[in-house]
Amino acid sequence: MEVVTTIRREVLTLPAAHLGPDNPLPPLRPLDEMHRVEDRDKEDLPRDMARQIGYAPLHSLLPVRVRDGYDRRREPRRLDALVIENDRLRATVLPGLGGRIASLVHKPTGRELLYRNPVFQPANFALNGAWFSGGIEWNIGATGHTTLSCSPVHAARVPAPDGGEMLRLWEWERLRDLPFQVDLWLPDGSDFLHVGVRIRNPHEKPVPTYWWSNIAVPEDCRVLAPAEEAWHFGYERRLRRVPVPVYEDIDRTYPPNSTYAADYFYEVPEHRRRWIAALDAEGRGLVQTSTDVLRGRKLFVWGRGPGGRRWQQWLTEPGTGGYCEIQAGLARTQLEHVRLDAEDEVSWLETYGPFDARPEGEWADVLGEAENRLEAALPRAAVDAAYAAWQPYADTEPGERLAAGSGWGALEVLRTGWKLPGTPFDESTLGEDQEAWLHLLRAGSVPGPPGARPPGDTLVARHWRDMLETAPATPLTEYHLGVAQWHAGDRAQAVRSWERGLRHAPSRWPVLRCLAVADQEERHPERAAERYAEAFDDLCRHRGETGDEDGSWAAVAAALGREAIEALLAVGRTGDARSVWERLDAATRARGRFRLIEAGLLLAEGRRARARAVFDAGFEVADLREGDEVIGRLWAALTGEPLPQRHDFRMRPTP
């Protein structure tokens, strides 16, 4: 009996860490992004690649907040899921976590085609912090993991080209102010999940855009892609052309063969079909292919070194096996951004399914046989035909709503009156985060200061900045205006706005903190330290007046206290740094990040034995940044002993 495609709600219960609150301080500092190319390498790059690497790289996270409030205390938690399946495949989607496909099961064989993480454990890999491993993720915005990694997206049922149903996911990407959609479609009887993707630019000017679909698969595999060369990028930030499959006498298409974490961006010839596959020792695994617009293919490996192994353990349960990633993107490398013209769009179709082929043998023979098998299972012409069949349905209005994303898209649609068929951003999705900006849009003013409460999000796009400039100049308006001006690169004017706002601000700490960051960027560390100390004093005074029933003050104190201690230690004011530390609540001081800060503070005070005792007692820095070697540097300053394995997250050779 034929089984039609169905979409249903489901609840997954996983050992999951708590996401916690976002960092309430606006991210004013330049973006901390590892994936940047050394200037010495740019001269030897193809002209189009060099141009796209230099095109509008992201310098700031604004208006997005940093997500660093998560922990590593995993306990059973319920995650909402949406399941789309036919008689051949079952895909499980997490709409509350960026629309990630957590699982893709081939039902006739019972094979899980992806690396399915048995836990939910955020780590500091996304552009804005919280990210988790496993499944298929949709990366839009700028180089790196999307800021939507751990955020909800909209989801609904939509008619499919074959008369069945599609699952549509959509959201407003805030770094580039672009709406996008992902349509999941399982034709009846098909072994392949079709995914139609569209990114639209509703603006009257070109914008940079970026997309990579990241697919986690078990790392004990061989990765096949139709290329004889690749661009190798490691954590030394060098981009080099290397041969495929053997580089430095090692076959790098086997992920366990690499020592250190690295990217291999495959140089797929123009005439070749776009595809990538990961096959186990028996030749079974997953294949991904697409229409030609999605031109890039990549392999990411963690490597067998101690740092790569430690990160693998960090992201999941020890003993559950490692993973690598096969990926597909709009450009040849993830270091590039692509121009999307005014009022234009880009779309494509990609497809995922089970694949069997011979993994061993001479590279050309292995590729030739794999391509023949792929053509037999899913002809290239059939993918193009599926894309053509999907395109008329991309504008179809969604039916039953299955999940709700943010209200930021609704705010932009209200501001502009844009018509975005297929991806409605309904006014009903507006929430507390948008209230102040909705008032600015309709009444021309920012609502009165929220007493001693922390300021909310700041919108920084040119149109919002223009509205702030003409709004009544209240302290809160000057604060938001300064943040928007800072984002635009007008630092002097931002400082003037903050200084005006400081004169009559009922709560001075938000502006003092902004001015302290400005001082640091202008290399005035003493003045920055003094402003941080004053800001923390002011915060503690207001916190004592209002209490902290919802925990918002604890989040502010942790974020501001961390920055203040680091600024004070940088200029030798250890006594003042200790004063900040002692006013943090006990729960904050017990967090791994703050245990590390305590060890640095003790070392600065000359109490080496006490600092060593912090390490000996053990701690875990939940928000340790990808590529960050701060633990190793502090350990080296404390002792000449080898770095303990539990703290070894190094992802490059030791200099």
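Me: How many salt bridges does a search of the whole structure find?
Reply: The search finds 59 salt bridges, a salt bridge being a side-chain nitrogen of Lys or Arg within 4 Å of a carboxyl oxygen of Asp or Glu. This is a predicted model, in which local features need pLDDT of at least 70, side-chain atom pairs count only at pLDDT 80 or more, and totals for chains, interfaces and linings use all residues. Residues are numbered from 1 along each chain as its sequence is written, and side-chain values use heavy atoms, with hydrogens and water left out.

Me: Which residue forms a salt bridge with arginine 222?
Reply: The partner is aspartate 251, with the closest N and O atoms 2.9 Å apart. Arginine 222 lies in strand E15 and aspartate 251 in strand E19 (residues 250-251), so the pair ties together parts that are 29 residues apart in sequence. Helices (H or I, at least four residues) and strands (E, at least two) are DSSP runs, numbered from the N terminus.

Me: Is arginine 222 buried or exposed?
Reply: Arginine 222 counts as buried, at 3% relative accessibility. Aspartate 251 also counts as buried, at 17%. Buried means under 20% relative accessible area, exposed over 50%, and partly exposed in between (1.4 Å probe, protein chains only).

Me: And what about aspartate 466, which residue does it form a salt bridge with?
Reply: Aspartate 466 forms a salt bridge with arginine 462, and their closest N and O atoms are 3.0 Å apart. The two are separated by about one helical turn because they are four residues apart in helix H8 (residues 462-470). Arginine 462 counts as exposed at 54% relative accessibility, while aspartate 466 counts as partly exposed at 31%.

Me: Changing topic: in what order do the nine strands of the open sheet run?
Reply: The order is E15-E21-E22-E26-E12-E11-E10-E9-E27, and the pairing is antiparallel. Two strands pair if DSSP finds at least two bridges between them. Strand E15 (222-224) and strand E27 (401-403) stand at the edges with a single partner strand each, so one side of each is left without a neighbour in the sheet.

Me: How many bridges are there between E12 and E26?
Reply: Strand E12 (residues 193-201) and strand E26 (residues 344-356) pair over nine bridges, in the antiparallel sense. Leucine 193 stands opposite tyrosine 352 in E26.

Me: Where is isoleucine 140?
Reply: Isoleucine 140 lies in strand E8 (residues 136-140) and counts as buried, at 2% relative accessibility. Its C-alpha atom is separated by 8.8 Å from that of serine 213, 73 residues apart along the chain.
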